2 protein chains.
Amino acid sequence: MVAPQEFLKFIDDNATKFISRLGEAVAIPSVSGDGARRPDVFKMSAWLDGQLKQLGVTTKLVDLGKHVMDGQELPLPPAILGRIGEDPAKKTVLIYGHYDVQPAEKSDGWNTEPFTMVFNEKTGEMLGRGSTDDKGPILGWLNVLEAHKTLGLALPVNLRFCFEGMEESGSEGLDDLIKSETAKGNDGFFGGVDCVCISDNYWLNTRTPCITYGLRGLVYFKMTVSGPARDLHSGVFGRMVHEPMTDLVTLLSKLVAPDGTILVPGVEDMVPPADFDEKEIYDKLDYSIQDVEDAVGAPITLSNDKTTVLMGRMRMPSLSLHGIEGAFYSPGAKTVIPACVSGKFSIRIVPPMTPKAVEDCVLPFVKAEFAKLNSKNKLTIENLHDGRPWVADHKHWSYEAARRATEAVYQRSPDLTREGGSIPVTLTFAETLNVNVLLLPMGRGDDGAHSTNEKLDRSNFIEGSKLLGTYLYEVGAATV
Amino acid sequence: MVAPQEFLKFIDDNATKFISRLGEAVAIPSVSGDGARRPDVFKMSAWLDGQLKQLGVTTKLVDLGKHVMDGQELPLPPAILGRIGEDPAKKTVLIYGHYDVQPAEKSDGWNTEPFTMVFNEKTGEMLGRGSTDDKGPILGWLNVLEAHKTLGLALPVNLRFCFEGMEESGSEGLDDLIKSETAKGNDGFFGGVDCVCISDNYWLNTRTPCITYGLRGLVYFKMTVSGPARDLHSGVFGRMVHEPMTDLVTLLSKLVAPDGTILVPGVEDMVPPADFDEKEIYDKLDYSIQDVEDAVGAPITLSNDKTTVLMGRMRMPSLSLHGIEGAFYSPGAKTVIPACVSGKFSIRIVPPMTPKAVEDCVLPFVKAEFAKLNSKNKLTIENLHDGRPWVADHKHWSYEAARRATEAVYQRSPDLTREGGSIPVTLTFAETLNVNVLLLPMGRGDDGAHSTNEKLDRSNFIEGSKLLGTYLYEVGAATV
């Protein structure tokens, strides 16, 4: 263990104070996706900026301009850039986090007021919106800073911070900021950064800490079939005209098989099968079919083999049909022939797949299948948005440091995971700064980040704060 | 021509008054589907009852009880039963109509206030909600009564009336009333009825009067696939679990081909092909592919042959996919795996098909196809509602009377049509009273009955009133 004992003790001794500070942060309803809450997002930025300054961090609030949401022009909450430590002999670690949160209303099904943090001493759960996503992890870093400041300890590395307030709403403006700040070289906040650490995802389960080295990318398609000028009555026009829904459903049925196989020719072929070494990573993960069944609430895994199921999430592409826009969707029985219907589907992608390569398979295939239908309706298909997948070198010294830190704090080896979802900023940091990016989660797999009754366990917050600090010491001690 | 000249002249001479009375009726927004408008539906029943009484009709307002709509208990508007004429030497004709209307708001896209009738002298159009559906036709009968009362003419038949105020909202309570009133025999309002005449549908086009002798029936299915206990994130769970949407879309794609052919085995086989005589009926109809294209606003007919397209509507079953409940339906790009999705589809049926026979094909087929998917999700399928098809004997004396009346008033032979949709009360009258039912429309195919800018043409109202009266004379003169 390279982290000083007094640091670890300080974290334990000040747990109550840290929990109380997390309660303060949760109490600010910084919902970026609700225009009416925008002042609260700004309030949260001021609160966080104040905390950082008090702990000795030099900060800069960057105005990211305005944007339009739900037809309303709104100011974007600032990005908070920060720096502490300028020792050229030390490594420089860039920390990313976000201070905005998902929407939450008690009426959604919360057992407690979402913006009043409730600490259940019995279960150890700290309930509240943002507790785990992502205020808890940000405050973990504050705890580390406070320990060092109070104890008069030098930080083992130089730190740089990038905290944003729009992560839950598309990270508007952030990519440009990262690029422009990087372009400034040593005059910018990101000059000299050796690695990036992001604590904004979760353990695979509720038991085993993990380190994450990959994320899937995504291509989201909208496929529209239009026919009549307006919705028709199925009594009057049924079997007189080509019905857009019939065409659309026929096309959607050709994209993916019920066993999850992607039927669009060429897509599956892009991914080489896992070799023995790679399979071993999945075999070793602390995970079971029962874990999936518990998470989804039903025994519906595509396979009964844990490794296959985990590879399905982590290193295989997937195609999901999300729904249809323009068709009848309410309860009841409406006899409509919808005039124009759009099928929404997305393909999660893994290296070496690229959005472009996937699009080049999907678009011609869908158009060719539509031509076969001999329909007089019209088809359009578009890529609504996409993002590349990301995989980091998990043998990098930053990952080794995280592994050793986890073993030191939790007395066990972390799971080495890839996530099925996307955290787009990860890729931006990796490609713009051209350094290793590490995902080092604090919370558990059942925290309910975007759900009702979001929580962070006290032990994950306190041990997690130790983990973040210890990681910095391991980075400081690492041989590059 | 058996109708007296003075009757026809009276209708022409009083056109302005009749149009003004239609304006009064349109001004009462008797929307049965909007709980807040329920008092207006009652107001309309009182207005109509007053008109009938003034014209010498003995009426009875039948309380149909209460019902629940949108969670609110509401009194049902009364059925208005009426009788005039008790001559055993004359035939007795039962007239049906409805005094409620579809919802309408100017903001839906109306060019004028929907409940203020606007008579455009240039085009001859009388614009307003209910003008053609079904206040115009009801007032046509009032015009006939007024002419006879004022002129001191005896009616050529005994008349019975059944006007309801819930047609646009499921005709609640009406079937029971028809049955109980019929059961009373000669003590009831329907005692001794020889035939039924309903004016509540439309010409096939804008040029040629028509008489309608058939309606399709319907079986409406809801097919539900459920999997996880809640919606899942496609990043986290894509390719780990069986997705209900994939299963559902696969099943929906097996029901109907893009060319309209119903793929459920056995369904198409139920309907014998049209013979030469039957085909000739469709060949003779005043209708073109251009008419369909104009009506739907796009060149999307399943065939370029008019007879095939008309038979598709009138004497073939059709299967329409209406939509999916439970999936993502909004604009935008949500990466959800919906937990439980229900596909809604319906099959329009024609004689000799029955809902039971169709259900017996659909349910086992869908279940067998689902079993083939090897999915761990769950399937349920249910018949939400159904109605039998109806075809009348179009060589019956009531139809002959309508044909002769049309020729007398319009100087041309009517189209002999079947409708693709349903008017459930038609079947109830036919089966309960066990007499011939005739559909004798007043309005044109482009009246926009359930749409914005609903209208009735002045000529259809005035000539239509003559037609209804003349029909009664032809019935009176008919040899049974």
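In which helix is Asn460(B) found? Asn460(B) belongs to helix H14 of chain B, residues 458–477; helices (H or I, at least four residues) and strands (E, at least two) are DSSP runs, numbered from the N terminus. This is a predicted model, in which local features need pLDDT of at least 70, side-chain atom pairs count only at pLDDT 80 or more, and totals for chains, interfaces and linings use all residues. Residues are numbered from 1 along each chain as its sequence is written, while chains are lettered from A and ligands numbered from 1 in the order in which they are written.

Asn460(B) is buried, because 28 other C-beta atoms lie within 10 Å; a residue is buried with 20 or more such atoms within 10 Å of its own C-beta, exposed with 12 or fewer, and partly exposed in between, with C-beta atoms placed from the backbone. Leaving out residues up to four places away in sequence, Asn460(B) touches Met442(B), Gly443(B) and Arg444(B), contact being C-beta atoms, placed from the backbone, within 7 Å. Gly448(B) is twelve residues from Asn460(B) along the chain, and their C-alpha atoms are separated by 14 Å.

In chain A, the buried residues of H3(A) are Arg38(A), Asp40(A), Val41(A), Met44(A), Ser45(A), Leu48(A) and Leu52(A). They lie on the same side of H3(A), because they cover an arc of only 155° around the axis, taken from the directions from the helix axis to the C-beta atoms. Their cover includes strands S1 (58–62), S3 (72–75), S4 (79–84) and S8 (158–164) of chain A. On the other side of H3(A), Gly50(A), Lys53(A) and Gln54(A) are exposed. Just after H3(A), Gly56(A) has a positive phi of about 95°.

Note on methods. Contact = placed C-beta atoms within 7 Å.
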